[in-house]
Amino acid sequence: MINFVVDGDAQAPVLVLGSSIGTSHHLWDPQLPGLVQNFRVVRYDLPGHGDSPAPTGPYSVAGLAAEVLAGLDRLGIETFAWCGLSMGGAIGQRIALDHPTRMSGLVLVCTSATFGDSPGPWHERAARVRAEGTGFLPELSRDRWFVLDEPVPPHGRELLQALSTIDPEGYAGCCEALAGFDSRAELPALRVPTRVVAGSDDPATPPAMARELIEGIPGADLVVIPHAAHLANVEQPAAVLQAMRGHLLSR
Ligand SMILES: O=C(O)CC1=CCC(=O)O1
C-alpha cells in the first residue's frame, strides 16, 4: 500500500503533492513550510520509492492515479488541489481528466503530456535497472535534474544519493508507466484550472513540452523559472513556491 505523509491543519483545504520518478515525498521539503500556512498537505511515495513497497507490476499512470485516489479516500479526503512534478504531474493530469469534481486546482511542474518522442529510452532504462540495480542513477540524473556547471543544492545532493536506495522493480515499473503515458489528445477536455511551471534549462521536460500543455488545456497559464532544470523546486524553491501559491490561493 502506498505510503502517505500528512502535514498541517486538519481543517485546512487539502493540497496533494506528487513527486517524480526517482524521488520520494521529500522532494517537496523545501516548499512544505510555505504551504502548511494555508493547506493540509498530503504527500505520497511512488511504489518502491521512499517508504512505499514495490508490488509486482505492470504499473501505469492510470493505475497509480487509482491507488492515490484510494489512499485519499481512506484518509476521508473528497476534494483537493494538486501539484505534481514530472510523474506527479502525469498522475495529476489523469485524476483531473477522470475526476474533475474532486480537484479544485492543478499545478503541473516540469512535466509533460508525453515523456519523450518514443517509449524506447524508458524501456531501456527499466531493463538496465532490473539488470544492474539503481546504483547508476545518481550519475545519470545529475545533469537531468540540475543545471549543468552550477553547484547542486544540499537537498538536491540528498535526493541524488537516495536514488540508489530505490527498489529496482518499483523504479522499472514507474519507467514503464511513463513510457505508456500520453495525454495529448485529452488535454482540451481538462477543465480543472491549471498553471504549468517549467524550468528554463530542463532537459527532461523542456519549456516546449510545457507550451504544449498550455496550448492544449483550456485557460492554462505558464510560468518559466529561470536557472532551473528538472527539479526546479529544489533549485529555485522560493520561485516555485510563489508560482504554486499564486495559482492555488487565487481559487
Ligand atoms: O529521470 C528523468 O529522466 C527525469 C524525469 C522524467 C520524467 C520524470 O518523472 O522524471
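Predicted model: local features only at pLDDT ≥ 70, side-chain atom pairs only at ≥ 80, totals over all residues.
## Helices α2 and α3

Helix α2 spans residues 61-74, and helix α3 spans residues 87-98. Their axes come within 9 Å. They cross at roughly 80°, which means that α2 is roughly perpendicular to α3.

On the α2 side, the contact is made by Val 61, Ala 62, Leu 64, Ala 65 and Leu 69. On the α3 side, Met 87, Ala 90, Ile 91, Arg 94 and Ile 95 take part. By class, this contact has nine nonpolar residues, no polar ones and one charged residue.

## The buried residues of α8

Helix α8 covers residues 207-216. Buried here are Pro 207, Met 209, Ala 210, Leu 213 and Gly 216.

Several elements cover these buried residues, including helix α3. Strands β5 (103-109), β6 (194-199) and β7 (221-225) are also among the covering elements.

## Arg 94 and its two partners

Arg 94 belongs to the α3 side of the contact with α2. Its relative accessibility is 13%, so Arg 94 counts as buried. The cut-off for buried is under 20%.

The side chain of Arg 94 forms a salt bridge with Asp 98, at 2.9 Å from N to O. The two residues are four apart in helix α3, so about one helical turn separates them. In an α-helix, residues three or four places apart point the same way, because there are 3.6 residues a turn. Asp 98 is partly exposed, with a relative accessible area of 42%.

Arg 94 also meets Glu 186 in a salt bridge, at 3.0 Å from N to O. This pair links distant parts of the chain, 92 residues apart. Arg 94 sits in helix α3, whereas Glu 186 sits in the loop between α7 (168-179) and β6. Glu 186 counts as partly exposed, at 30% relative accessibility.

Glu 78 and Arg 102 meet through their side chains in a salt bridge of 3.9 Å, N to O. Glu 78 lies in the loop between α2 and β4 (80-85), and Arg 102 lies in the loop between α3 and β5, so the pair ties together parts 24 residues apart in sequence. Arg 102 counts as buried, at 9% relative accessibility.

Asp 7, Asp 29 and Arg 43 are linked in a network of salt bridges.

Conventions:
Residues numbered from 1 in each chain as written. Heavy atoms only, no water. Axes fitted to C-alpha atoms, helices over the stretch in contact; angles between N-to-C directions. Parallel < 35°, antiparallel > 145°, perpendicular 65-115°, else oblique. Contact = heavy atoms within 4.5 Å. Nonpolar A, V, L, I, M, F, W, Y, C, P; charged D, E, K, R; others polar. Buried < 20%, exposed > 50% of the residue type's maximum accessible area, 1.4 Å probe, protein only. Salt bridge = Lys/Arg side-chain N within 4 Å of Asp/Glu carboxyl O.
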